[in-house]
Amino acid sequence: MAKSVYIFGDGIADGDATMRNLLGGKGANLAEMSRIGLPVPPGLTITTDICARFYANSEKLPEPVKDEVLSALRVLAERTGRIFGDGTNPLLLSVRSGARASMPGMMDTILNLGLNQSSVEVLARLSGDARFAYDSYRRFLQMYGNVVLEIEHARFEEALDRYRHEHGHGSDADMAAEDWKTIVATFLELIERETGTPFPQDPHEQLWNAIGAVFRSWMSERAITYRRLNGIPESWGTAVNVQAMVFGNMGDGSATGVVFTRNPSTGEKALFGEYLENAQGEDVVAGIRTPRHISTASRKAAGAAELSMQETMADAFAELERVAGLLERHFADMQDIEFTVERGKLWLLQTRAGKRSARAAIRIAVELEREGLIDKAGALMRVDPESLAQLLHPMLDPAAPRNVIGRGLPASPGAAAGEIVFTAADAERLRSEGRDAVLVRQETSPEDIGGMNAATGILTARGGMTSHAAVVARGMGKPCICGVDALKIDLAAETLSIGSAVLKRGDRITIDGSTGDVMAGNVETIDPEMSPEFRVLMEWADGRRRMRVRANAETRRDAEIARDLGAEGIGLARTEHMFFEPERIVAIRRMILATDEASREAALAALLPEQRRDFIDLFEIMRGRPVTIRLLDPPLHEFLPHGSREIAELAHSLGLPVASVEARVQSLSEVNPMLGFRGCRLGVAYPEITRMQARAILEAAAEVERTTGTAPAPEIMVPLVISGDEFKDIKKIVDDVAADMAATGLNVTYSVGTMIELPRAVLKADEIAETAEFFSFGTNDLTQTCFGLSRDDAGPFLEHYLRKGLIERDPFASLDVGGVGELMEIGIGRGRKVNPELKIGICGEHGGDPASIFYCEKVGLSYVSCSPYRVPIARLAAAQATISRLS
Ligand code: PEP
Ligand code: MG
């Protein structure tokens with residue numbers, strides 16, 4: 001049987017940082033810190049393997065594992081000089097979860113384990129502090145009662161509040177030893193009343209139950225939701241860490257806190273964190289008390305009056321600073337460190353790579369490279385491409401009028417506006433209705449995770465920068481403000497007040513997570529500026545990636561944004577999208593509704609100059625870079641008028657009788673438009689449409705070459721092709737137009753290629769590649785037709801597949817490698833067999849999804865094309881994909 005318990009502490013450890021899969025992140029790093037001689041309270045880690053065995057063993061710890069734990073406790077006794085369960089010199093323990101990937105606040109922790117009616121007296125005597133001993137005991141009863149016995153946390157809080165109220169105690173500081181003693185008695189009664197059995201006095205029984213509860217928390221609803229949102233497999237399991245207690249609640253020389261080695265919002269290189277004097281870890285993490293600043297500089301910058309740790313505990317602070325620097329260099333990354341100071345001595349309880357905003361991640365990666373701790377490839381791998389979306393989010397327009405009603409801690413950057421909701425369920429409901437919600441809570445708890453994800457922003461009355469809300473929001477890239485002291489929530493009335501402002505559920509509110517400002521109503525936003533470090537990192541990415549990155553864009557604005565964000569061309573201009581504006585849609589409707597060639601030609605003649613203008617814009621903006629223009633591919637239902645009013649308006653503007661328009665709309669309506677008269681089928685039936693578009697493209701190219709002196713690189717793309725002959729039919733129309741133009745002396749360089757977006761096109765890729773000059777995978781349609789799922793209708797039932805785990809990710813968001821991916825590989829193989837130089841790209845939504853981009857690198861695509869705001873994400877993901885492939 002493999003070893004299931006690993007010990008650590010006091011300069012030695014069975015494990016190390018590389019053993020994260022087995023020991024979990026916390027356990028592996030506790031071992032590593034012990035190895036490098038840092039002050040870690042000794043303890044043991046039960047491996048993640050045991051998590052599955054625990055479930056297989058009817059949710060009980062297997063006996064051999066218990067034996068290993070007991071022998072590890074004997075080693076602990078030798079090291080600490082204290083014995084677990086001993087009557088005269090008891091060792092107290094903490095029991096914490098620790099999965100492979102960090103899941104902040106999602107699983108359970110129990111502190112002060114081992115306390116009972118007699119050991120609390122011993123603790124009081126040994127520490128000389130009865131108040132501390134009974135405070136610790138009541139905390140233990142509370143945590144054990146909640147985590148192991150599943151008594152609602154609020155029941156304990158209510159009892160505590162009632163006592164405080166009756167005795168006129170405003171805060172914990174007013175509570176004396178006798179008060180805590182009474183609370184302990186109340187809690188013991190509460191537990192017995194709720195469970196029907198007395199609280200277990202036997203420390204070993206407490207321990208086995210606590211370990212079981214921590215393993216069970218792996219399958220709690222909030223943990224399951226967090227895993228689903230973060231793609232963490234259930235099979236990983238959690239480890240359990242059992243560690244000798246150190247006490248941050250032993251009076252004024254004691255404290256507990258969390259420190260980041262660099263600022264997790266901005267990336268600035270300075271200690272950033274919070275601490276609470278005379279407190280235990282859960283007080284900081286839960287965000288129940290508002291903590292103080294670690295460093296004086298950050299206290300002053302925030303204008304806070306309460307003294308910093310640097311001012312009140314200079315020695316412990318200096319030691320913390322030293323250790324923080326050491327850990328950062330050792331792990332070559334920004335660290336998030338949990339610590340406790342027990343009567344002046346610093347202890348480290350955890351270190352992990354700190355969660356950070358995208359802005360901070362970039363600055364930290366670039367600076368770590370400059371400090372020589374990592375190389376450029378390492379720096380590129382440090383930034384999550386998806387997180388760049390945060391930077392690309394709009395910020396508040398500084399010039400826009402705003403009604404600031406309050407201020408809190410700027411916990412996660414970015415601006416968000418939406419309707420006020422007070423529950424996670426309401427946030428989820430609004431999102432399902434396509435509405436924006438700002439989730440307003442007293443403090444968030446891990447149960448709120450689904451609602452936080454659904455909300456556009458999060459606002460809490462309590463908690464600090466390291467509270468649950470702040471950490472989770474930063475991870476999600478959601479704007480968040482915490483600790484708005486003036487915020488009062490009346491859940492019964494469904495209102496909130498900040499100072500004199502009173503808002504109710506459904507009212508709009510705007511938050512700026514970068515400044516902490518809370519505003520009533522909606523405030524205008526603007527596009528963000530890129531930091532110098534962002535540009536540096538993007539340059540490094542461009543130097544590394546093999547694939548090109550283009551954008552899907554058809555309007556001036558989108559094309560300009562795409563170019564400014566680094567697009568190397570346009571990979572897809574959907575010409576039908578150029579007709580969405582109200583004035584233009586009439587022209588295209590006239591063309592679609594035409595019943596004979598003459599009226600169609602007339603409608604097309606009106607469209608030609610407009611199209612030419614559109615293409616001139618794109619060619620000018622792209623300055624000689626490739627521009628792929630797709631021939632018209634309108635699923636007809638998107639362009640036909642719906643309802644009698646629209647039909648009447650259209651009839652009026654076309655000068656036709658309503659009845660004849662109605663009849664034509666009727667005759668064009670399709671049962672299944674996605675598989676209907678769209679794509680190149682339109683050009684096959686009405687070559688004049690293709691002819692007009694080809695002419696507009698080629699004339700625009702000639703015009704731009706004449707005016708700018710730079711020849712554009714138009715790539716004409718045929719949609720929804722199913723065979724080589726069909727492709728040739730369309731290509732010939734284009735070539736004939738070009739030949740006509742050449743005859744008049746206008747020579748334009750262009751190429752004609754095709755989308756590959758139907759399984760038949762994949763199978764016939766060799767035949768198509770004989771004449772097609774490029775391929776571009778339209779993975780939206782390819783996914784739709786591979787799965788036989790309608791893109792427009794799949795939402796409601798895909799949801800069930802995702803929830804049941806029948807599919808891992810929405811195949812329209814992230815490429816289905818096993819199915820659609822295999823089709824792509826067949827298409828690439830057959831196409832390149834005929835033409836080894838064939839340029840192949842992707843322009844479905846997947847072209848902007850990092851996981852799909854990794855796959856595109858693997859199968860050798862030439863480029864990816866994505867929506868403009870995703871271009872930087874694609875540039876970075878493509879660089880990471882190249883680095884990973886080569887390493
Ligand atoms: C596709 O099908 O992937 C594609 C890019 O085309 P559209 O989304 O316009 O059908
Ligand atoms: Mg398509």
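This is a guided tour of a predicted model, stop by stop, with what to select at each one.

Before you start, residues are numbered from 1 along each chain as its sequence is written, and chains are lettered from A and ligands numbered from 1 in the order in which they are written. Because the model is predicted, local features need pLDDT of at least 70 and side-chain atom pairs count only at pLDDT 80 or more, while totals for chains, interfaces and linings use all residues; side-chain values use heavy atoms, with hydrogens and water left out.

**Stop 1: D14**

Select D14, in the loop between β2 (12–13) and α1 (20–35). Helices (H or I, at least four residues) and strands (E, at least two) are DSSP runs, numbered from the N terminus. With a relative accessible area of 32%, D14 is partly exposed. On this scale, buried means under 20% relative accessible area, exposed over 50%, and partly exposed in between (1.4 Å probe, protein chains only).

Now show the surroundings of D14: K3, V5, Y6, I7, M19 and R35 touch it, leaving out residues up to four places away in sequence. Contact here means heavy atoms within 4.5 Å. The side chain of D14 makes a polar contact of 3.1 Å with that of K3, and a polar atom of the D14 side chain lies 2.9 Å from the backbone nitrogen of I7. A polar contact is a pair of N or O atoms within 3.5 Å; within protein, one must be able to donate a hydrogen and the other to accept it, and residues adjacent in sequence count only if both atoms are side-chain atoms.

**Stop 2**

Move to strand β12 (residues 335–342), which pairs with β13 in the antiparallel sense over eight bridges. Two strands pair if DSSP finds at least two bridges between them. Find E338 and look across to Q350 in β13, which stands opposite. Two residues separate the strands of this hairpin, and R343 in the turn has a positive phi of about 45 degrees. Strand β13 (residues 345–353) has seven of its nine residues buried, so it is largely enclosed by the rest of the structure.

**Stop 3: helix α17**

Which residues of α17 (residues 424–432) are buried? Colour A424, D426, A427 and L430 to see them. They cover an arc of only 160 degrees around the axis, which puts them on the same side of α17; the arc is that of the directions from the helix axis to the C-beta atoms. After α17 comes G434, with a positive phi near 75 degrees.

**Stop 4**

Four of the five residues of β24 (residues 508–512) are buried. Four bridges then join β24 to the antiparallel strand β25 (residues 517–520), where M519 is the bridge partner of T510. In the four residues between these strands, look for G516, whose phi is positive, near 90 degrees.

**Stop 5: the barrel**

Show β27-β28-β29-β30-β31-β32-β33-β34, a closed barrel of eight strands with parallel pairing. The twist from one strand to the next averages 25 degrees. Zoom in on β31 (residues 751–756) and β32 (residues 774–777), parallel strands joined by three bridges, with T754 opposite F775. Helix α28 (residues 724–743) lies across β30 (713–718) and β31, running at about 150 degrees to β31. Axes are lines fitted to C-alpha atoms, for helices over the stretch in contact, and angles run from 0 to 180 degrees between N-to-C directions.

**Stop 6**

Keep F775 selected. Leaving aside neighbours within four places in sequence, its contacts include T754, I756, I768, L838 and Y863. F775 is also among the residues touching the most other members of the largest nonpolar core, which has 127 residues; L388, M591, F619, F777 and L861 are the others. A second, separate core has 87 residues, including I46, M103, A159 and A437. A nonpolar core is a set of buried Ala, Val, Leu, Ile, Met, Phe, Trp, Tyr and Cys residues joined through side-chain atoms within 4.5 Å.
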